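Subject: Structure for your review

Dear colleague,

Please find below the structure that I am handing over to you.

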Amino acid sequence: MMNQRSGDRTISADGLRPSSHLRLAEILGSHRDEIGAAWLASVGEADRVQSPDLDRHLNALIGALVRVFQRGDWSDVQLVIDGLVIRRASRGLDLEHDLQRALLAGRHAVKPFLDDDSTDCEEDLLDALHECIFRFSESYQGLRLASESDRLHSRIINSLVMTLEARDPYVKGHSISVALLAQRTAQVMGFVEQDHAYLAGLLHDIGKVGIPDHVLLKPGRPTAEEWAILKTHPAIGARILRPIRLYPEVVGAVLHHHENWDGTGYPYGLSGSGIPRLARIVRVADSFHAITSSRVFRESRSVDEAIAAITGNRGRLYDPEVVDAFMKIVESPNAVDELNMASLQIELGDASIERSEWGYLPRF
Ligand SMILES: [Fe+2]
Ligand SMILES: [Fe+2]
């Protein structure tokens, strides 16, 4: 935070803010355009070319600094700084040094408006600019750490999915297709966290890695005993995901993706809105894709048959609201092509799962 120097500094009439702060607020507020232009001019040419929107940010920063000097309120400065960091990172610009120089240039832009004897003002301005630089570095480090851990997370998740698909070739492409369908459904339903729907779809069957081969890969219909073993995969999946501290709602969707709207599903026999919403979305996407792809014990059926099976069980197995949203997607002309493309991506090579368009993480 800003240094609080002791000494014989003049305190303003309100007894709260140093008069030098109020003077700076007044100067920055009343000469905003001129200071903005001078600030931009004193930033190096290369920085100006690299950041065509720097003038907008500097202008916003001046306004935010007025609030700092008037009220000690740094929240707007933080917003401007975060915006600068994200905008520049998205263009792959080197953040470390050039912007620090640019921020410090503000000192020269304000100086012509200061009185000769206003050392306090100059020092306070410098303090504030250093605070901006400090906040900038913090924001940048935070962004870098966040995106590194996101990337690591993404790779771990993709490896988990590949582990499952390596064990059970019949599910190849199933995870990504369900992920895609769940994400689109969430989008149509106005779900804010569409990435969570994508992740839940991607990981919903991960617990199958814990099912023995003779049950998982058995040709033909499973026996009652084998069904009982197969039905443990949601709970195994949730157990696998908990240690990596995934979003709780994603783990919940994995645990409950075989619950039925009427309470006849498993593992807990939850019903209606008692089933987590993300799980209800995955339930429909999963069924649709399972019906249209071939399984160990049966051949695939057509998209029309799958649609009939889903709508026929609206309000019985499936959440009516989810079915309605889902139908908007699968009845759109390109839906099936897009699904096939997603599966193809997987078949072309496991590395393709990392392709950004199928990736679940926001990129900067
Ligand atoms: Fe499943
Ligand atoms: Fe599934």
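This is a predicted model: local features need pLDDT of at least 70, side-chain atom pairs count only at pLDDT 80 or more; totals for chains, interfaces and linings use all residues.

The protein has 18 helices and 0 strands. Of its 364 residues, 34% are buried.

In soluble globular proteins, nonpolar side chains tend to be buried together. Here the largest nonpolar core contains 43 residues, and Ala-182, Ala-200, Leu-203, Val-254, Ile-281, Val-282 and Val-284 have the most contacts inside it. Two or more residues each come from α8 (119–167), α9 (174–188), α10, α13, α14, α15 and α17 (320–330). Another core, of 31 residues, lies apart from this one and includes Leu-58, Val-80, Cys-121 and Cys-132.

Val-284 deserves a look of its own. Leaving aside residues up to four places away in sequence, Val-284 touches Thr-185, Ile-310, Tyr-318, Val-322, Val-323 and Phe-326.

On the α9 side the contact is made by Leu-181, Arg-184, Thr-185 and Val-188, and on the α17 side by Val-322, Ala-325, Phe-326, Lys-328 and Ile-329. These residues divide into 6 nonpolar, 1 polar and 2 charged.

Two further helices show how burial is arranged. In α10, 8 of the 10 residues are buried, so that this helix is mostly covered; the buried residues include His-196, Tyr-198 and Gly-201. In α13 (residues 233–241), the buried residues are His-233, Pro-234, Gly-237, Ala-238 and Leu-241. Why do the buried residues of α13 line one face of the helix? Seen down the axis, they fall within an arc of 140 degrees, and therefore they lie along one face. Their cover includes α10 (194–203), α12 (224–230) and α14.

Finally, please examine the peptide bond between Tyr-266 and Pro-267, which is cis, with omega about 5 degrees. Pro-267 lies in the loop between α14 (248–255) and α15 (277–292).

Yours sincerely,
A colleague

Methods: Residues are numbered from 1 along each chain as its sequence is written. Chains are lettered from A and ligands numbered from 1 in the order in which they are written. Helices (H or I, at least four residues) and strands (E, at least two) are DSSP runs, numbered from the N terminus. A residue is buried if 20 or more other C-beta atoms lie within 10 Å of its own, exposed if 12 or fewer, and partly exposed in between; C-beta atoms are placed from the backbone. The arc is that of the directions from the helix axis to the C-beta atoms. Two residues are in contact if their C-beta atoms, placed from the backbone, lie within 7 Å. A nonpolar core is a set of buried Ala, Val, Leu, Ile, Met, Phe, Trp, Tyr and Cys residues joined through C-beta atoms within 7 Å. Ala, Val, Leu, Ile, Met, Phe, Trp, Tyr, Cys and Pro count as nonpolar, Asp, Glu, Lys and Arg as charged, and the others, Gly among them, as polar.
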